[in-house]
Amino acid sequence: MAEPLFRGVGVALATLFDDTGGLDAKATAGHAATLVDLGVRAVVVAGSTGEAPTLTLEERTALLTEVRRAVPPAIPVLAGTGAPSRRQAVALTRAAVDHGADAVLVLSPPGSSDLRGYYGAVAEAAGSTPVLAYHYPKSSQPGIPVELLPDLPIQGTKDSSGDPERLLAELDGFDGWLYVGASSILTMAGALGCTGAILAVANVEPERAKAAFAGNASAQRALFAGHAAARRDFPHGLKRLMAERFGTSTSARLG
């Protein structure tokens, strides 16, 4: 397996909107640059934390373009390209690759009836650009069976289930890059040798997330309040926390 796209903590970037609900790509990119300065090692745009279902293709492209300009070249920028259908996911993947994505993060489709075909089509559209399969059953059931991961044409996976037993099974049966998406198991993930993490809470507390992944138990405990607030009233809880620390907009399209 090639050297991982990144190691450590990346951010599942929240998308910023103005008071009328219009996309503010420059402000979103500015927030990404701030987080990179605070230690995040990768940025995901137009993922589940970024309210992706509300974004047009043009808005996704604007986000990707502005974030890529705002962060250093050494920081990979990933684009969320998962969709309910294979056709949609392929189109989103091609557009992301054409506009400079360093990798694509691809949520499994609802129902997941033919994951080999779905990820095969996405991988073909991605070409040499790495593909991360995204397991998040809370957002798209039932997700990706652990035993299927080695058979998919992917370089890695993001698992946001927060399930410790599943994490152990992935480490035992999958040789690709493994990123966790639940901040509640960061210290465990780091100690077990996971490649890294891609986190919503890194929009607010990147320093603590980085410390928790490195084994700091106090940082892991301190992250819980933000983790709970972000999940309890998404995306509003997360955006309120971001506004309190960074002065960013609380506007959202979801909810």
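**A guided walk through the fold**

Leaving out residues within four places of it in sequence, Tyr119 makes contact with Val106, Leu107, Ser108, Ala133, Tyr134, Ile144, Leu152, Pro153 and Ile154, where contact means heavy atoms within 4.5 Å. The model is a predicted one, in which local features need pLDDT of at least 70 and side-chain atom pairs count only at pLDDT 80 or more, while totals for chains, interfaces and linings use all residues. Residues are numbered from 1 along each chain as its sequence is written, and side-chain values use heavy atoms, with hydrogens and water left out.

Tyr119 also has a place in the largest nonpolar core, which holds 53 residues; Val43, Val67, Tyr119 and Leu186 are those that touch the most other members. Helix 4 (residues 115-126) supplies the largest share of this core, 5 residues. There is also a second, separate core of 14 residues, and Ala12, Ala42, Ala103 and Leu107 are among its members. A nonpolar core is a set of buried Ala, Val, Leu, Ile, Met, Phe, Trp, Tyr and Cys residues joined through side-chain atoms within 4.5 Å. Buried means under 20% relative accessible area, exposed means over 50%, and partly exposed lies in between (1.4 Å probe, protein chains only). Helices (H or I, at least four residues) and strands (E, at least two) are DSSP runs, numbered from the N terminus.

The packing of helices comes next. Two packed helices are described by the angle between their axes and by the distance between the axes. The axes are lines fitted to C-alpha atoms, for helices over the stretch in contact, and the angles run from 0 to 180 degrees between N-to-C directions.

Helix 1 (residues 25-37) packs against helix 2 at an angle of about 40 degrees, and their axes are 8 Å apart. Helix 1 and helix 2 are therefore oblique to each other; angles under 35 degrees count as roughly parallel, over 145 as roughly antiparallel, 65 to 115 as roughly perpendicular and the rest as oblique. Helix 1 and helix 2 form a right-handed crossing. A crossing is left-handed if the near helix is turned anticlockwise from the far one by less than a right angle, and right-handed if clockwise. From helix 1, Ala25, Lys26, Thr28, Ala29, Ala32 and Ala33 meet Ala62, Leu63, Glu66, Val67 and Ala70 of helix 2. This contact has 8 nonpolar, 1 polar and 2 charged residues. In this grouping, Ala, Val, Leu, Ile, Met, Phe, Trp, Tyr, Cys and Pro count as nonpolar, Asp, Glu, Lys and Arg as charged, and the others, Gly among them, as polar.

How do helix 3 (residues 86-98) and helix 4 cross, and within what distance do their axes come? The axes of this pair come within 8 Å and cross at roughly 25 degrees. Helix 3 and helix 4 are therefore roughly parallel to each other. Their crossing is right-handed. Helix 3 contributes Arg86, Ala89, Val90, Thr93, Arg94 and Val97 to the contact, and helix 4 contributes Gly117, Tyr118, Ala121, Val122, Ala125 and Ala126. By class, these residues divide into 8 nonpolar, 2 polar and 2 charged.

Within helix 2 (residues 57-70) lies Leu64. Leu64 counts as buried because its relative accessible area is 3%. Apart from residues up to four places away in sequence, Leu64 touches Val45, Val77, Ala96, His99, Gly100 and Ala101. The C-alpha atoms of Leu64 and Pro137 are separated by 25 Å, and these two residues are 73 residues apart along the chain.

The loop between strand 2 (43-45) and helix 2 contains Thr49. Thr49 is buried because its relative accessibility is 9%. With residues up to four places away in sequence not counted, Thr49 touches Ala12, Leu13, Ala14, Thr15, Ala200, Asn203, Phe234 and Leu238. Ala46 is found in the loop between strand 2 and helix 2 as well. Although Ala46 is not a glycine, its phi is positive, at about 60 degrees. Ala46 is buried, at 5% relative accessibility. Ser112, in the loop between strand 4 (103-107) and helix 4, is another residue other than glycine with a positive phi, near 50 degrees. Ser112 is buried, with a relative accessible area of 15%.

Two peptide bonds call for attention. Gln141 and Pro142 are joined by a cis peptide bond, with omega about 0 degrees, and Pro142 lies in the loop between strand 5 (131-135) and strand 6 (156-159). A cis peptide bond also joins Phe234 and Pro235, with omega about 0 degrees; Pro235 is in the loop between helix 9 (224-232) and helix 10.

Helix 10 (residues 236-246) includes Arg240. Is Arg240 buried or partly exposed? Arg240 is partly exposed, because its relative accessible area is 42%. Beyond its neighbours within four places in sequence, Arg240 is in contact with Asp233 and Thr250.
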